[in-house]
Amino acid sequence: MRLPATLTPWRPWLDWFDPDLAGALGELLLRLHPLLGAFRLRAQSGQLEPEGIDDLRRRGSYERLLLSEWALADAAPEEFDRRAAGGEHLFLSPKLVARQADALTVAVFDSGPAQLGAPRLLHLALWILLAQRAQAAKARFAWGVLGIPGELHEAASADRLRQLLDARAWRFRADAGHAGSSAARAALEQQWAQHLDALEPSPGERWSIGAPGAGHGLGHRVGIGAAQAGELAVTVSAARARREATLALPDPARATRLLRGQFVLARGSSLAPLVEHDGEVRIVRMRKRISLKQPPLFSADGHDVAVPLLDGAAAYVQRLSGKRRLGMPTLVRWGPARSLLAATIHKHQFGGAVASAAGLVFWSLSGFSHGDRPDALNSAPGQGRWLPLTRVQPERQAYDAAPAAELLMLAGGKLWRWRQDADTARAASFGNGPYSEDVLAFAPMHGAWVDYLRVRDSELQVCCTRAGFGGQILAKAECAGTPLSAWLHAERVDRRYLRTAAVELRIGGHGGDRAGLWRVLQWLEQDKTADFEIILPSEWKVIGVDAAPEGAAALIAINPDRTAVLAIGEKERRTLYQSATRLSVGSVAGGGETIALIDLDGRLVVLHERGASTTIYAGGSADE
């Protein structure tokens with residue numbers, strides 16, 4: 001989100017809001033900020049404590065005498081005594097540091113009947129102003145509501161700000177006097193003063209925020225009252241100063257959303273996303289920052305892409321085709337206590353496998369709820385990348401009953417398959433072992449089966465899980481050396497299947513230890529139509545394969561500088577995208593038709609039609 005430079009100090013808080021709300025709230029911040037005056041509280045200094053070594057000195061306690069001096073006492077006692085008499089010994093002098101004691105700022109908001117409605121908008125702005133003011137002074141900020149003396153809250157998130165809005169009261173407590181009267185407010189302020197005096201440390205800045213009143217409240221009083229239509233009168237008073245201003249309110253639509261706590265529009269809102277154009281590049285603004293480590297996850301058809309968020313167990317799922325191509329992404333969450341082991345997108349819905357003590361929990365996967373977990377499957381939390389996973393519905397054979405749906409996952413070179421268990425509702429079993437071993441990659445086909453690439457008997461073999469073809473070799477090629485990684489794409493072209501693979505091999509004598517040998521193969525049915533090798537230094541990052549037919553197959557890789565994406569074929573190299581910001585990770589879908597990249601600014605860059613057009617989904621609070 002772009003903000004004027006004048007709003008930079010409050011950016012961490014304004015990032016909680018949609019851009020239009022952040023702009024409206026920012027205007028209130030700029031008008032209110034000068035009224036608060038200078039921050040005069042300073043963190044109190046504690047006792048001096050040693051922290052490391054400051055210097056060497058001629059005087060000091062013999063507990064801090066240099067070891068070299070003690071060594072002299074053993075080797076030459078007379079010299080040691082002479083140096084002691086002459087004051088020539090060297091001592092370590094500790095560095096003394098005064099620890100800063102905790103400093104505290106407290107604001108008490110009047111949520112009673114006199115402040116219902118428009119004045120609450122200024123409560124939001126003052127909450128943000130005081131939170132930033134305390135942070136800049138290395139102090140803590142806590143807040144409470146007038147009607148509940150002694151109950152303080154932290155100011156750590158947007159949920160706390162909503163909590164302030166939810167603390168509306170049509171009357172004060174019965175023991176506080178007449179509901180909404182100035183006497184009731186004064187009695188409650190007196191109770192608050194007693195609670196704050198008892199705190200350790202005692203708050204250095206105390207703010208009373210509510211209806212105008214006599215005196216300075218708890219220390220500083222912000223009085224908010226009605227003015228002309230669409231305006232509020234604000235008075236800030238302290239022992240030595242008094243400031244007044246009249247503030248215009250945001251338009252009713254934005255004001256209503258703020259008062260309702262609708263800081264970010266929910267999915268399905270009619271408000272269009274913020275879309276900008278920079279030449280041929282479209283830029284869509286998103287609200288949260290995305291992770292730089294996990295490559296984007298494509299759906300099998302390449303129509304959707306998912307990226308995990310930087311904070312929290314959540315991900316954005318973005319539609320890349322149709323009317324929602326430039327729409328705001330869908331936010332999905334799987335719970336902070338869960339570690340997502342594998343993930344997929346099925347029919348525009350993001351789902352995955354979560355490790356549990358009893359096995360695996362299949363989250364948001366139609367027809368599956370839980371299943372067995374292979375002992376060899378690594379379920380340690382915090383792994384860097386999601387394992388490949390896909391859901392397929394096998395084809396129905398003649399008059400047979402519809403077969404059970406399947407989940408397939410690639411982990412540790414083994415292809416695992418789970419089938420729905422008809423006897424146990426929504427459970428799944430993977431059988432007695434992996435479906436296949438020594439598997440390098442797989443490619444979902446028509447949502448009904450997967451083609452997979454394996455190495456066996458010094459051969460690269462393409463097989464599939466399709467009913468009636470299980471274990472049958474669809475295409476093959478001799479393989480010299482040990483494969484380290486691979487990419488596979490398969491598609492139907494003119495009623496025939498075109499399969500393209502890129503396999504990384506480590507073979508001595510090709511560019512030294514810091515170079516890798518990539519072999520690119522392409523088969524039309526079982527006929528090999530392309531087979532060539534590419535030597536790349538290890539600094540290159542291969543992210544997929546371009547399955548262009550008729551000998552145009554190529555590797556898709558990020559260059560060593562991480563500033564460009566290239567298609568590297570047998571005879572030429574083509575630059576698909578150049579970035580002013582270094583790229584982190586990437587993925588390829590549709591055999592090179594669509595490429596998704598994440599740069600170090602936390603932006604999702606999508607290249608459509610092999611780089612013919614570009615859409616950038618700029619997320620979160622990173623400066624653009």
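A search of the whole structure finds 29 salt bridges, where a salt bridge is a side-chain nitrogen of Lys or Arg within 4 Å of a carboxyl oxygen of Asp or Glu. Before the individual pairs, the conditions. This is a predicted model, in which local features need pLDDT of at least 70 and side-chain atom pairs count only at pLDDT 80 or more, while totals for chains, interfaces and linings use all residues. Residues are numbered from 1 along each chain as its sequence is written, and side-chain values use heavy atoms, with hydrogens and water left out.

Take R133 and E205, whose side chains meet in a salt bridge at 3.0 Å, N to O. This pair links distant parts of the chain, with R133 in helix α5 (residues 119–136) and E205 in strand β6, 72 residues apart. Helices (H or I, at least four residues) and strands (E, at least two) are DSSP runs, numbered from the N terminus. Are R133 and E205 buried or exposed? R133 is buried, at 10% relative accessible area, and E205 is buried too, at 3%. For these labels, buried means under 20% relative accessible area, exposed over 50%, and partly exposed in between, with a 1.4 Å probe and protein chains only.

A second pair is R574 and D546, at 3.4 Å, N to O. R574 lies in strand β36 and D546 in strand β33, so the pair ties together parts that are 28 residues apart in sequence. R574 is partly exposed at 31% relative accessibility, whereas D546 is buried at 1%. There is also a network: D18, D20, D251, R254 and R257 are joined by salt bridges that share partners.

One more pair, R83 with E88, meets at 3.7 Å, N to O. Here R83 counts as buried at 18% relative accessibility, and E88 is partly exposed at 24%.

Two strands pair if DSSP finds at least two bridges between them. Strand β35 (residues 564–569) is joined to β36 by five bridges, and A564 stands opposite Q578 in β36.

Next, the sheet that contains β6. Seven strands make up this open sheet, in the order β5-β4-β3-β6-β7-β8-β9, with mixed pairing. β5 (153–154) and β9 are at the edges with a single partner strand each, so one side of each has no neighbour in the sheet.

Strand β8 (residues 231–237) is mostly covered, with five of its seven residues buried. On one side, β8 pairs with β7 (residues 220–226) in the antiparallel sense over six bridges, and G223 has T235 as its bridge partner. The hairpin of β7 and β8 has four residues between the strands, and G230 takes a positive phi near 80°. β8 is also joined to β9 (residues 242–248), antiparallel, by seven bridges, with S237 partnered by R242. That hairpin, too, runs through four residues.

What lies across β6, β8 and β9? Helix α2 (residues 19–36) does, running at about 170° to β9. Axes are lines fitted to C-alpha atoms, for helices over the stretch in contact, and angles run from 0 to 180 degrees between N-to-C directions.

A further hairpin is formed by β18 and β19, with two residues between them; G367 in the turn has a positive phi of about 90°. Three bridges join β18 (residues 359–365) to β19 (residues 368–371), and L365 stands opposite F368.

Last, the surface and the totals. Y62, L67 and W70 form a nonpolar surface patch with about 360 Å² of accessible area together. Patches are made of residues with over 30% relative accessible area and no salt bridge: like charges are joined within 9 Å, nonpolar side chains (Val, Leu, Ile, Met, Phe, Trp, Tyr) within 5 Å. Y62, in the loop between β1 (45–57) and α3 (67–75), is partly exposed at 40%.

The chain exposes about 30600 Å², of which carbon and sulfur atoms supply 48%; areas come from the Shrake-Rupley method with a 1.4 Å probe, and for residues only the protein chains shown count as cover. Buried residues make up 48% of the 624 in the chain. The chain has eight helices and 40 strands.

Notes
Contact means heavy atoms within 4.5 Å.
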